[in-house]
Amino acid sequence: MFFPQVAPLARRNRPDSMVPGRDDRGGEWFGGNMRAWVLALLLMPGLIFWAGSSWAQSQGDAQSQAQGQAAPAPADPKKAAEDAEDQTMVRLLREGVQAMRSGQPRQAIASYDQVIATYEARYKERKERVYCASTTAETLAYMVLAASQKQSAIAVTPNWAIAYFLKGYAQVELQDLPGAKASLEHARDLSPYNPQFLIELANLYKSEKNWPQALETYQAAKEHSAAFSLPQAKDTDEMKALHGIAFVYSETGKLDEAEAIYKQCLAKNPQDAYAQHELDYVVKEKAKQAQVH
């Protein structure tokens, strides 16, 4: 993926949390990971956005491979113009990030909306299903997915999906949670295998106590983290997805399942303070239920 992994900056029981939480149990808030990623965008720009001719070439090769064709010829003038436009979109995304750092979420949204409008205009006449992919592996996976659904598809620069993702973050800052959910669902639709998009969307479903959708989305994030997270981020993405799955189980009365997952997390990482905190909660709840019965 295109976001470097950094520790979340917001916890569910901190005053800077943006989504109402439940009692004093610690947690991983929707927006916490986003804030960390947004800060990282400015610190590590070379690792963030894949755009321009190098991205287009790698994705074109991947799509040709999926379709059993030879790699395409060098980019034509139209493609070169699109590559240049992609670079402009990267600049707008960075301007939006800078606006967020300056405490101006509305200005940030204006930048992200320009990116979104640009790609919507570019691809609105395409009959194929359009995906946004960050790696060759992700591109190939979307081509296989489309083929299984008897659809034709293309994979394009991830900038479009990133714009929706970052817009969702800005909307959370403005307390526009319905808008944030819509933006993250757009990002998910464009990049359905992106674990980070899925985790943040699941976190929002969790804040709504929409347990079925939260569980389904966390499970998808766990499934796709193995193949589509950066190598150094796979464990982190899987852990966050497992945390979410276990949380939903604990909220829906499946305490045994939640306990098993938290123990699994602690077996992998004994320093996982979140899992330990939630495990303690689950064990206490089970003890209470045992006393009642």
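Select lysine 150: the residue is exposed, with a relative accessible area of 80% (exposed means over 50% relative accessible area, buried under 20%, partly exposed in between, with a 1.4 Å probe and protein chains only). The model is predicted, so local features need pLDDT of at least 70 and side-chain atom pairs count only at pLDDT 80 or more, while totals for chains, interfaces and linings use all residues. Residues are numbered from 1 along each chain as its sequence is written, and side-chain values use heavy atoms, with hydrogens and water left out.

Stay on lysine 150 and look at the backbone. Its phi is positive, about 55 degrees, although the residue is not a glycine. Most residues other than glycine have a negative phi. Lysine 150 sits in the loop between α5 (136-148) and β2 (153-156). Helices (H or I, at least four residues) and strands (E, at least two) are DSSP runs, numbered from the N terminus.

Next, select lysine 209. Here too phi is positive, near 60 degrees, in a residue other than glycine. The loop that holds lysine 209 runs between α8 (195-207) and α9 (211-228). Lysine 209 is exposed, with a relative accessible area of 54%.

Move to serine 134, in the loop between β1 (129-132) and α5. Is serine 134 buried or exposed? Serine 134 is buried, at a relative accessible area of 2%.

Two packed helices are described by the angle between their axes and the distance between the axes. Axes are lines fitted to C-alpha atoms, for helices over the stretch in contact, and angles run from 0 to 180 degrees between N-to-C directions.

Select α11 (residues 255-268) together with α12, which spans residues 273-292. The axes of α11 and α12 are 9 Å apart, at an angle of about 150 degrees. The crossing of α11 and α12 is left-handed, that is, the near helix is turned anticlockwise from the far one by less than a right angle. In contact (heavy atoms within 4.5 Å) are residues including Leu255, Tyr262 and Leu266 of α11 and Leu279, Val282 and Val283 of α12. By class, this contact of α11 with α12 has 10 nonpolar, two polar and six charged residues (Ala, Val, Leu, Ile, Met, Phe, Trp, Tyr, Cys and Pro count as nonpolar, Asp, Glu, Lys and Arg as charged, and the others, Gly among them, as polar).

The axes of α10 and α12 come within 11 Å and cross at roughly 15 degrees. α10 and α12 are therefore roughly parallel to each other, and their crossing is left-handed. His243, Phe247 and Ser250 of α10 meet Tyr274, Ala275, Glu278 and Val282 of α12. This contact of α10 with α12 has four nonpolar, two polar and one charged residues.

Finally, show the whole chain. How many helices and strands does the chain have? There are 12 helices and two strands, in the order α-α-α-α-β-α-β-α-α-α-α-α-α-α along the sequence. Of the 293 residues, 52% are buried.

Conventions
Parallel < 35°, antiparallel > 145°, perpendicular 65-115°, else oblique.
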